[in-house]
Amino acid sequence: MPVILVLTFVVPNGVLLIASAQPRSSDGNRVIALEKKWTEAYKHREVTILSSLLAEDFVITVEDGSTYGKLGYISHSADSSVQVEIAELSELKVRFHGNVAVVTGAYDEIGTSRGNRYEYRDRLTDVWLRSPNGWQVISSHYSVPVKL
């Protein structure tokens, strides 16, 4: 259901002005689709797609606090010693600030790395920037929620 924000202003001559803002659902759907495309490209080691989605100055912070730029992330993604079996996004929410979209949500990944089984249940924050060439992710942060 679309959300409509109605603002009412009283101007000096007593006339009411009403403005409404529709949510940016088409942009939101586009960014969510790109999140899913990114996840699938990572899972299947599709370097060309990853390269097109990541801005040149992209930086990611992963679960252990390590950070990688675009080249480091793509190199890790292409590493054949990592086998991603499951990569799923959920609870995705998009907020817009001008030409910037901030996506928050959950990410689950199961696979093997150098023969060792791993499983991540993360929270994520991704920052996308709309440029004349379309949306690209400029920053990403993944963390493991702490259970208290």
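**Figure 1. The whole protein and its surface.** The accessible surface of the protein comes to about 9,200 Å², and 56% of that area belongs to carbon and sulfur atoms. The model shown is a predicted one. The protein has 148 residues, of which 31% are buried. Its secondary structure consists of 3 helices and 8 strands. Read from the N terminus, these elements follow the order β-β-α-α-β-β-α-β-β-β-β. Of the contacts between residues at least 6 apart in sequence, 46% join residues at least 24 apart.

**Figure 2. Helix α1 and the residue that follows.** Helix α1 covers residues 25-43. The helix contains 19 residues, and the distance from its first C-alpha to its last is 27 Å. This span is close to the 27 Å expected for α1 at 1.5 Å a residue. Several residues of α1 are buried, among them Asp27, Gly28, Val31, Ile32 and Leu34. Further along α1, the buried residues include Glu35, Trp38, Thr39, Ala41 and Tyr42. After α1 comes Arg45, which has a positive phi, near 55°.

**Figure 3. Glu40 and its surroundings.** Glu40 is located in helix α1. Leaving aside residues up to four places away in sequence, Glu40 touches Glu46 and Ala87. Ile86 is 46 residues from Glu40 along the chain, and the C-alpha atoms of Glu40 and Ile86 are 9.7 Å apart.

Figure 4. Rolling a probe the size of a water molecule over the atoms shows where empty space is left. In this structure, a search of the whole model finds 1 cavity of 30 Å³ or more. The largest cavity holds about 40 Å³ of space.

**Figure 5. The lining of the largest cavity.** The residues that line the largest cavity are Tyr42, Lys43, Arg45, His76, Ser77, Asp79, Val82 and Val84. Tyr42, part of this lining, is also one of the buried residues of α1. Arg45, the residue with a positive phi after α1, belongs to the lining as well. At least two lining residues come from each of three elements: α1 (25-43), α3 (70-78) and β5 (82-97). Sorted by class, the lining has 3 nonpolar, 2 polar and 3 charged residues.

Notes: Residues numbered from 1 in each chain as written. Predicted model: local features only at pLDDT ≥ 70, side-chain atom pairs only at ≥ 80, totals over all residues. Heavy atoms only, no water. 1 Å grid on protein atoms, 1.4 Å probe; cavity = no way out; pocket = protein on both sides within 12 Å on 5 of 7 lines; lining within 4 Å. Points joined across faces, edges and corners; volume = space filled by probe spheres on them. Helix = DSSP H or I, 4+ residues; strand = E, 2+ residues; numbered from the N terminus. Nonpolar A, V, L, I, M, F, W, Y, C, P; charged D, E, K, R; others polar. Expected span 1.5 Å × (residues − 1). Buried < 20%, exposed > 50% of the residue type's maximum accessible area, 1.4 Å probe, protein only. Contact = heavy atoms within 4.5 Å. Areas by Shrake-Rupley, 256 points an atom, 1.4 Å probe, with all protein chains shown as cover.
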